[in-house]
Amino acid sequence: MAVTPSTDDARAAVAELNRSAASSTPVELPDIAKLKQSLDGRELPGSTITIEPYQSVLADYALEAGTDDSGDAHPLWGLVLSLRGMGITVDELCALAAQRPQDVLLFGNCEVVQHRPLRVGATIEVTATIEPVSRKETRHGGHLDFVTVRTAFHDRDGSSAGPVGEVVNGFIFKRGK
C-alpha cells in the first residue's frame, strides 16, 4: 500500500530543504568561457525522421486542426522536428550546458520559419547547431545562461531548393546559488 505524505510532512520537508540550502556554501557558476569554448558552433548529431501518417493524424486531432487532404503536415511539426531531431535529448543538452541540481531550465523563445510545407510520409534530415552562448546578470544578482539551438530540415528526396524549414530554440539556464 502506497503511503501519501500529509501536507504537514511536505511542508516540513520543504522547510528542511530550505534550511539545508541556506546553510550550504554557494557552488560556483559554470565557467562561461569554458561553456562558450565547448558549445559555440557545436554541431549536434542531428537525425532522420519520417512524419508517419498516424502521427500526423494524432497531432491534428490533439491540435484540433481538422481534416486536411492536402498531404501537408501541420506547421507545428517544425517544432516537433527541432526537438526530436537535435540528435540528443534535452537532458543531454542540459548536461552539455553544465546544468547543476540548483539550476532551472526555462524555454526562452522559439522562432519557426517554414519555407515550404512539410509532407506527411516525408523523411526529413534534421541538422542542429548550437549558436554562441551568452550570460547575463539579473538585477537581483542572479545569472542566466542562454543556449540557442538552430535546426534546419531538409527533404531526403534530394531537393536542392534549400531547407524546408528552420527552427531556433532558446534555452535559458537560470543558475541557482
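This is a predicted model: local features need pLDDT of at least 70, side-chain atom pairs count only at pLDDT 80 or more; totals for chains, interfaces and linings use all residues.
Start with helix 3, which spans residues 53-62. Four of its residues, Q55, S56, A59 and D60, are buried. An α-helix has 3.6 residues a turn, so positions three or four places apart point the same way. What does the buried side of helix 3 pack against? Its buried residues contact strand 1 (43-50) and helix 4 (77-84). The face turned away from that side carries exposed residues: Y54, V57, L58, Y61 and A62.

Next, look at the helix ends. At the start of helix 2 (residues 32-39), D31 uses its side chain. One of its side-chain oxygens comes within 2.8 Å of the backbone nitrogen of A33. After helix 2 comes G41, with a positive phi near 80°. Helix 3 is followed by E64, whose phi is also positive, near 50°.

Most residues other than glycine have a negative phi. E64 is not a glycine, yet its phi is positive. E64 sits in the loop between helix 3 and helix 4. Its relative accessible area is 73%, so E64 is exposed. A98 is another non-glycine residue with a positive phi, about 60°. A98 lies in the loop between helix 5 (90-96) and strand 2 (104-114). At 29% relative accessibility, A98 is partly exposed.

Now turn to the charged side chains. The whole structure holds nine salt bridges. One of them pairs D72 with R119, with the closest N and O atoms 2.4 Å apart. This pair links distant parts of the chain, 47 residues apart. D72 is in the loop between helix 3 and helix 4, while R119 is in the loop between strand 2 and strand 3 (123-130). D72 is partly exposed at 26% relative accessible area. R119 is partly exposed as well, at 38%.

E131 and R150 form another salt bridge, 2.5 Å from N to O. E131 lies in the loop between strand 3 and strand 4 (134-137) and R150 in strand 5 (residues 143-155), so the pair ties together parts 19 residues apart in sequence. E131 is partly exposed, at 23% relative accessibility. R150 is partly exposed too, at 35%.

Key. Residues are numbered from 1 along each chain as its sequence is written. Side-chain values use heavy atoms; hydrogens and water are left out. Buried means under 20% relative accessible area, exposed over 50%, partly exposed in between (1.4 Å probe, protein chains only). Helices (H or I, at least four residues) and strands (E, at least two) are DSSP runs, numbered from the N terminus. Contact means heavy atoms within 4.5 Å. A polar contact is a pair of N or O atoms within 3.5 Å; within protein, one must be able to donate a hydrogen and the other to accept it, and residues adjacent in sequence count only if both atoms are side-chain atoms. A salt bridge is a side-chain nitrogen of Lys or Arg within 4 Å of a carboxyl oxygen of Asp or Glu.
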